[in-house]
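Q: I would like to learn how to read a few features of a protein model. Please take them in turn.

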Amino acid sequence: MELSVIDLAPYLSANSAEAESAAAKLCSQVSGALKATGALLVRDPRCAAELNDRFIDLMERYFDMPPEFKRLQERPELRYQAGVLPEGVEVPRVLVDRAMQEELERVSDDAKPIIPKGPDNKCRYMWRIGARPLVTRFKELNSDPVIPEGFDEWKETMNSWGYKIISTVEVVAEMAAIGFGLPKDAFTSLMKQGPHKLAPTGSNLQVYGQEGTVLAGYHYDLNFLTIHGRSRFPGLNIWYRNGQKVEVKVPEGCLLIQAGKQIEYLTAGECSAGMHEVVVTRKTVEAIKLAVEQNRSLWRVSSTVSDIKPIPSTLHPTLVLFLSWQFYTVCILITNMFMSLTLLIF
């Protein structure tokens, strides 16, 4: 099963009955892909490949700075939710989740992830995207951004790319809602003032470039939807809902979207949070050799945004509540009748 590639242009420009009918079919494709595989590829005409390249250029420069420079952007008191999160801090879920480990024991060898021996061989930069609530109990999720000294273009580049791809997530969320038969804003209304993060990762392939090395261990994301720009080095593996393991290749000009745990909750399991890992594969090694020949950076950068619902908030299974409201209403009526009968008897 191949990942669906969906062009968002017809939906964005739908201005006639015929165009809206075609857009509705696209919405069904989006919801169908999220339900069947937990992932899809999209092409958004507003997100030019050049913007992704500019962003990756910036992050390659930053990650290549000396460790003592990058330590100035660490904010451990904020649980690393702003600034740089250093290498060796993030521990993949597969190392601590016993239920996940037991589940993997029943998986065929060709579909198993590579189990890491310790924390991830990657660092990450946390940059908030979008408006934040005026009052919050979660300072670390809504803190002021950290800007490295000497990177004059930092704020403009980070915001330019971050806002572009969060707008793609919003469109996909709209389309998914329509595809599921929900109101258009069923998901996007929950995204307002969420602690969305542009959170690019950096792995030094000059150090961790051996085939089989785990850069990011097997895990799912806790957020609503995760969106990835195209990386210059392959190595991302994802798992479909049926357990099929797929090495992802993001075409030029496309973005990868994967379901997180929040959409699993909101759809009462209609969508399932997508498992994934990043490892050095044979194709990664080939890309490393080419980068050396071309004198390019050996930092593997992912241009990732996590769309997160506001915290604190309660996530209700929107899909189930909407699709079964008639059944729910009948249950309430029966309950009320029973209570009235009980009062009459006693």
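This is a predicted model: local features need pLDDT of at least 70, side-chain atom pairs count only at pLDDT 80 or more; totals for chains, interfaces and linings use all residues.

A: Residues are numbered from 1 along each chain as its sequence is written, and side-chain values use heavy atoms, with hydrogens and water left out.

Q: Where is Thr-213 placed?

A: Helices (H or I, at least four residues) and strands (E, at least two) are DSSP runs, numbered from the N terminus. Thr-213 sits in the loop between β6 (201–204) and β7 (214–219).

Q: Is Thr-213 buried or exposed?

A: Buried means under 20% relative accessible area, exposed over 50%, and partly exposed in between (1.4 Å probe, protein chains only). Thr-213 counts as buried because its relative accessibility is 16%.

Q: Which residue has a side chain in polar contact with that of Thr-201?

A: A polar contact is a pair of N or O atoms within 3.5 Å; within protein, one must be able to donate a hydrogen and the other to accept it, and residues adjacent in sequence count only if both atoms are side-chain atoms. The side chain of Thr-201, a residue of strand β6, makes such a contact of 2.7 Å with the side chain of Ser-302. For Thr-213, a polar side-chain atom lies 2.8 Å from the backbone oxygen of Gln-210.

Q: Which residues of α3 are buried?

A: They are Asn-52, Phe-55, Ile-56, Leu-58, Met-59, Glu-60, Tyr-62 and Phe-63. An α-helix has 3.6 residues a turn, so residues three or four places apart point the same way.
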